[in-house]
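Student: I have a structure open and would like to learn how to read it. Could you walk me through it, feature by feature?

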Amino acid sequence: MTEPSPTEEARTGEPAAGPPQPPPPQPRRIGLWGAPTCGKTTFLAALRIAAEEGGHDVRLVGCNRASTEFLADTTRQLKIERRFVPATRELPPNLAWQLHGTQIKKVRPETGRLRFKRRRPVPYTVTLDMMDAPGGMFSSRPEDRAAREPSSGLRFSSSAGDGESGDGGGGDAEERLVRHLAGCDGLLFLFDPTREREMNDAYAFFQRTVLQISELAGTSGVDHKLPHHLAVCITKFDHPEVYERAVRLGYVTPPASIFGMPRVDETRALEFFEDLYRGTHAHDPVNSLLRGIRSHFGEARTRYFVTSAIGFYRDPVENRFQPEDYLNIAEQSDGGDGLAGEDRFRIRGDVAPINVLEPVMWLAGNVGA
Amino acid sequence: MNSADRCPLCEVPLDPAGGWAAVEAAAMRQDVRCAACGWTLAGPWRPGRAERAAAEAALSAARLEFDLRAAARAGDDWLPYAAHLRGRPTEAQWQEARREAAARREAARPPLGAVLDALGPGRALVVVAVEDAGVRLFVTGGVPAAGPLGFRELAAVPWPALLPGLPEDAAHRRFQLAGGPSGIDPAWADATIGGAAGDLVRRYCTSVDTAVMSAMPGMPFPDAVVRAFTDLLPDVRIAAGAPDAAALLERIVAERPIALSYGLAALRSRPGDGTAEVVRLPLFPAGSRAGDEAQVRVRRPPGPGEQTALAVVTWDDPPEPVRIVSARMPRGAAGLVRVALDGPGRLRFLEPDTVTDDAPAWPDLLRRVPRRLPATAFATELVCVVELGGRAETARRRRDLVADLLELLGDELGGTARVAVVGHLDHPIHPKYKNRDVVSGGPLQPPDDAARTLADLPSPPSGPFGARAAPLEDSLDRAAALLNGPRDGRARILLTVAGRPPHPGSGHGDVIRPVEPCPHRLNWRQSVAQLEAAGVRLVAVTDEPAPKDVPGQAVPQQDARRRDAPEWAVLGAAHRTDLGSADAAGLAKVLGVLPDGDAPPLPFPLVP
């Protein structure tokens, strides 16, 4: 974890001013990881909306110009234009935000006679240092890393590469990405069930990268596993293929109110993941993936989330979830193959992310703890 | 024979036995008179010179009077017979002769029409007509059930052949027939005429009703002919004569009323079991006469054939054909058939204006009646649902196909078909506009009007469109409302020309290829159920052809993106084709509004 962070890089160019300050706390870094079209870019774009409208007392701001513009652009596209964020076509500069919030912690007072721990709100700031890489870079198959074709279907891609980008498909970029992930304290692994049903390639994307990370990261101090905390996000909960399955298997928690959205409780997310493809051809590859996760990441440092970046559709008149009409995307066509992924799908209603901020906050609250 | 052997007045030869009669009359001191005219031929005295002159004058006056009486029977003027008169009459003498001829004219005879009326249907009648030129025999009969009432000349015997000695000159002959001096012994004439009449009776009048009519009543020799037939045939009917018996018969048969009603044969589907049956559309009731006109409306049987058999038949069981013609009926709307009655069995078609008599025979036409009428025979209600959105070029092809179909239906069926055009644009994605009406179109109307409605349908805005579904469910809802109500034997068809299936009424359909539901919550399956309950045939033309089965592989196992939308199987239940292979003519056939080229044409027009 010696890789300089973007915040450090940003500070490097700033002139020194004022009296010498105590060294800043080491930033807690979170890396984003997943197969193409699993929703990495949209996940990032939904973070701010989730922070502002998800009922969490947190604030997400950019640490540099690129991150701030990313926040502003993606929020506008998702929330106002109701369009998906264009797929990542080349490795962008590291994106860094600061998540400001308040945690209830047991804290020992520094002064006073009674110095036992007390529960009190403690403000905190977490730096999220993410690298949104095209998904093809994570593949174990050379042709995927080289070509990184945009995919079709009900998903949007951050994996599309035109093959001409200078550093998108080269070995340097791959090495930089692996070093970045290895240097992170926490990892967000996005798993797209709709892609897996069709492509069965999540394990392929996982196993090569995890080996490369293992080569650089060593082990945790308490066990033989990797030191990272891992938040596994089962994405696209809003897709009928995922939602209907969850409903049928009884994993959906009814909304707390008529205005609420269905969820899969975190405590049952792993169980749902295990059951998601039971009885289908995708069951064995997903089991391989799960075994790989358990093999490389400590169980206590791994948590599963069922997430949706855009959430379910709510009728503007009824303003609540309706099981007969919850699909929040509309697929469009121009009659040929001319529409790019972000134009191919339009968002029907308001964006209401589900479990997007929660894995980030879980990581923020645990890494470096 | 010299003049001494003849009566000086009537010129009838004297009987050779007259000499002895004169001797006896002289012995008894009595006058000797002509047996034919009663003229005093000799007396018991010897006239002196003065008496001889007076006798010559009296003979001349008697001759003129005798001749004038014949001329008055022969005509209304003596001038045509002036050459044969023995003297020149004064006007007073001529008028006196006419008065005398009129007083002797026999009582009026019943007209020949009355004689025919008295005959039973189908019975023949031989008419013996005594005319100026001779005697002609005709055969005619009572009014037949179906065919025309006609007559035919059986024989013609001129006067010279009937009674040798009559002059060839017509005026002279008529003068002699009327009693002018001819030198023919009446007794010999009666015998000769009787012999000739006997020959005719034996040849033509055995076991058949006979009527005799004379154009020259009151004339001695024509009366002798009538008398000869009445002597030979006790039941013979005597009718009033006419100068030209053929013309009289022509007029009489044409003016006879028809015995049975006439109707136009047409096809319909029998209520109840739906079998095809030939019915008669009333034209002329029994008793109709020449000069009457009637009209009915029929529908031209569908199909490419332009000729239709128009068969007028009797209202009888079984019906008998009266007249069958082949006509070119107007396409589409109920065609007018207008017929004039020119007499029993004589029909003249006024509309259509061009008919020919080359129609098949009645039994052949009956053999061509199918057990059931094809769907094309029924009035049609067609709703064309057109997807207006999607790829611009494809949308244009859909509209072109429907436009071609409407033009064809307008040509072929006209007002028989009522067509509604319903088109739909895409539902707006933004929820703010979700209640916007995306369906437009018109009511059921003639194809030409529907074509104008189609042309007025809006075009979609440019740009992307829904990939998975279109508001077909909204159009189906409109179609179900249009094709509601009593069917009344009409064929009802829904033609869907679209590329995208409908939005589900609720939920998102296939979870792998989900689609947003209809914002109006319209359930296309409910609309289809209504359409099916209303007897609507469902035909679909989709942008893409139905996927073909891969041998050994079920369709659902094939590539999901190429899997056919299950909605098309429902909406194309009766027939499904694709836009690339559909054309208006073929579509009209599968819709059932135009017959297949292989189907035999219907023999009769249809009941409208």
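This is a predicted model: local features need pLDDT of at least 70, side-chain atom pairs count only at pLDDT 80 or more; totals for chains, interfaces and linings use all residues.

Student: Which residues make the contact between helix 7 of chain A and helix 10 of chain A?

Tutor: Helix 7 of chain A brings A:Ala202, A:Tyr203, A:Phe206, A:Gln207, A:Val210 and A:Ser214, while helix 10 of chain A brings A:Pro285, A:Ser288, A:Leu289, A:Gly292 and A:His296. By class, that contact has 6 nonpolar and 5 polar residues, with no charged ones.

Student: At what angle do helix 2 of chain A and helix 3 of chain A pack?

Tutor: Helix 2 (residues 40-53) and helix 3 (residues 65-80) of chain A pack at an angle of about 85 degrees, and their axes are 9 Å apart. Helix 2 and helix 3 of chain A are therefore roughly perpendicular to each other. A:Leu44, A:Ala45, A:Ala46, A:Arg48 and A:Ile49 of helix 2 meet A:Leu71, A:Thr74, A:Thr75, A:Leu78 and A:Lys79 of helix 3. This contact divides into 6 nonpolar, 2 polar and 2 charged residues.

Student: And in chain B, are helix 11 and helix 12 roughly parallel or antiparallel to each other?

Tutor: Look at the angle again. The axes of helix 11 (residues 392-412) and helix 12 (residues 447-456) of chain B come within 8 Å and cross at roughly 160 degrees. Helix 11 and helix 12 of chain B are therefore roughly antiparallel. Helix 11 of chain B passes helix 12 of chain B in a left-handed crossing. Among the residues in contact are B:Leu406 and B:Leu409 of helix 11 and B:Ala451 and B:Leu454 of helix 12. The residues of the contact comprise 8 nonpolar, 1 polar and 3 charged.

Student: Now a sheet, please. In what order do the strands of the open sheet of 3 strands in chain B run?

Tutor: Strands of a sheet pair through backbone hydrogen bonds, either parallel or antiparallel. This open sheet of chain B has the order 10-13-14, and its pairing is antiparallel. Strand 10 (293-298) and strand 14 (346-351) of chain B stand at the edges with a single partner strand each, so one side of each has no neighbour in the sheet. On average, neighbouring strands of this sheet are turned by 30 degrees against each other, direction ignored. Strand 13 (residues 335-343) of chain B pairs with strand 14 of chain B over 5 bridges, and B:Gly343 stands opposite B:Arg346 of strand 14.

Student: How far apart in space are B:Ile258 and B:Gly343?

Tutor: From C-alpha to C-alpha they are 7.3 Å apart, although 85 residues separate them in sequence. B:Ile258 lies in the loop between helix 9 (245-255) and strand 8 (262-269) of chain B.

Student: Is B:Ile258 buried or exposed?

Tutor: Count the neighbours: a residue is buried if 20 or more other C-beta atoms lie within 10 Å of its own. B:Ile258 has 27 C-beta neighbours inside 10 Å, so B:Ile258 counts as buried. Now try B:Gly572, in the loop between helix 15 (566-571) and strand 22 (575-578) of chain B. With 19 C-beta neighbours inside 10 Å, B:Gly572 counts as partly exposed. Leaving aside residues up to four places away in sequence, B:Gly572 touches B:Leu538, B:Val539 and B:Ala540.

Student: Last one: how many residues does each chain give to the contact between chain A and chain B?

Tutor: The contact takes 19 residues from chain B and 19 residues from chain A. On the side of chain B that touches chain A, 9 are nonpolar, 6 polar and 4 charged. A:Ser333 has B:Phe465 of strand 19 of chain B as its bridge partner.

Key:
Residues are numbered from 1 along each chain as its sequence is written. Chains are lettered from A and ligands numbered from 1 in the order in which they are written. Two residues are in contact if their C-beta atoms, placed from the backbone, lie within 7 Å. Ala, Val, Leu, Ile, Met, Phe, Trp, Tyr, Cys and Pro count as nonpolar, Asp, Glu, Lys and Arg as charged, and the others, Gly among them, as polar. Two strands pair if DSSP finds at least two bridges between them. Helices (H or I, at least four residues) and strands (E, at least two) are DSSP runs, numbered from the N terminus. Axes are lines fitted to C-alpha atoms, for helices over the stretch in contact, and angles run from 0 to 180 degrees between N-to-C directions. Angles under 35 degrees count as roughly parallel, over 145 as roughly antiparallel, 65 to 115 as roughly perpendicular and the rest as oblique. A crossing is left-handed if the near helix is turned anticlockwise from the far one by less than a right angle, and right-handed if clockwise. A residue is buried if 20 or more other C-beta atoms lie within 10 Å of its own, exposed if 12 or fewer, and partly exposed in between; C-beta atoms are placed from the backbone.
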